[in-house]
Structure formats: structure tokens, C-alpha cells
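Subject: Structure handover

Hello,

Here is the structure for you to look at. My notes on what turned up follow below.

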Amino acid sequence: MKRTLLRFENIQQLVGAETLSVILLTDELRMRGLTVVCDQQMAAQLQMRIDNPKNCHHLLPEVLVSQLSAKYEMMVCGVYDGQYQVVLMDEIGNTSRIRMSDAVLLNLISHIPLYIEENLMQRQCFPFDEKTQTQLAIPINTMDVKHLKSALEKAVDDENYELASHLRDEIKRRNEGD
């Protein structure tokens, strides 16, 4: 299986949604970008480590990571119900599923590598340009239904009917799976 190593670039608040932020990840060459939506609490945890990582060495996640003796890696292997599916694996094959935002935090704290299956990266990525980081693409298949409905209302209000149609179709597809 071909895979791509992801690297953390930054985190930005999502315009129009004060409780959500967008994590920007890129491939090693910084040619392709991938976005992940996270909540306010995770954004604060990430920002704390970005702003002053030395002040975090006594926090529980850092302390627990310092006690790890096995080698680990993480793999983003799919999208299900608006969430990236991430598996944390140790060197002997034990696995656990974790949220994508938790995987990013763990990567920042521990440098445990975070990979994504290449086929998934191809489907979800966008061309990354450092100069246009303020204009990030968020794949609709990684948004929860609540935020899809909110985006649908905004698209209709803005008379962006093509986007509204895509959002409506994604909401229908998810509701059929219930």
C-alpha cells in the first residue's frame, strides 16, 4: 500500500463558525494540502503547543508520551460519516482508532508519523500554495451533517445553487445510510 507522510502546517479559525477551526496538513514536499475541521477545545490544545511547546512538557499528553517505549505510527485510511478514520498502530500490530484531530495533536507532541493512504490523499487533497493558505478547501465528505446543513443554508442565501446542490446530495447520501 502506497502512503504519504503528512506534516502539520497551521490551524485557522473557520470563518463564520466561531466554534470550529481548520487544521492544514501537507505532504512532505508541501505540494498538496489536506484540511481537517476540529472543535474549539482541540484548536486551543494545538495552539498551546504551537505557541510555547516548552510550557507543555508537564501536561498529561506530553507526560504519557514520554513513557511510551514501543514505536508507533498512524494511518489515515478512509472517511466515514464525515470523519477521517485514523488507526494508531504499534510495532507488534496492536491498533486503536482515534480522531483525526487527536492524531494531529499526538503527532505534534510525539512526532509519531502520520500517514495517509495515497489513494485517499489523491481524492481529498488540493494543490498547496504557501501564498494562498488563507483560502483552504474543506472536502464536504469530511463535514458533519450539522455543518453541512448550515453550509447549505448559506449557499442558498448566497444564491450559490451549484454548491447547494452538492451539499444537499451529500446530506441525502448520509441520511440514506442511517
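Predicted model: local features only at pLDDT ≥ 70, side-chain atom pairs only at ≥ 80, totals over all residues.

Over which ring does the charged end of Arg-3 sit? The ring is that of Tyr-115, with its centre 3.7 Å away. The rule here asks for NZ of Lys or CZ of Arg within 6 Å of the ring centre and within 35 degrees of the ring normal.

First, the ground rules. Side-chain values use heavy atoms, without hydrogens and water.

Confidence
The protein chain has an average pLDDT of 88, and 93% of the residues reach at least 70. S7 scores highest, at 98. Helix H5 (residues 145–157) is lowest, with a mean of 79. Helices (H or I, at least four residues) and strands (E, at least two) are DSSP runs numbered from the N terminus.

The sheet
Eight strands make an open sheet with mixed pairing. The order is S6-S5-S4-S7-S1-S2-S3-S8. Two strands pair if DSSP finds at least two bridges between them.

Strand by strand:
- S1 (residues 3–13) and S7 (residues 114–117) run antiparallel, with four bridges. Arg-3 has Glu-117 as its bridge partner, and Leu-5 is opposite Tyr-115.
- S1 and S2 (residues 20–27) are also antiparallel, over seven bridges. Here Gln-13 faces Ser-21 in S2.
- S4 (residues 72–80) and S7 pair in the parallel sense over three bridges. Val-76 is opposite Ile-116.
- S4 and S5 are antiparallel over eight bridges. Met-74 has Leu-88 in S5 as its bridge partner.

The second largest pocket
Its volume is about 370 Å³. A pocket is an open set of points on a 1 Å grid over the protein atoms alone, where a 1.4 Å probe fits, with protein on both sides within 12 Å along at least five of seven lines; lining residues have an atom within 4 Å of a point. Points are joined across faces, edges and corners, and the volume is the space filled by probe spheres set on them.

Of the 19 lining residues, Val-37, Cys-38, Gly-82, Gln-83 and Thr-142 are the closest to the centre of the second largest pocket. Strand S3 (32–39), strand S5 (83–90) and helix H3 (100–110) supply at least two lining residues each. S3 gives the most, with four.

Best wishes

Definitions and conventions: Residues numbered from 1 in each chain as written. pLDDT = per-residue confidence, 0-100.
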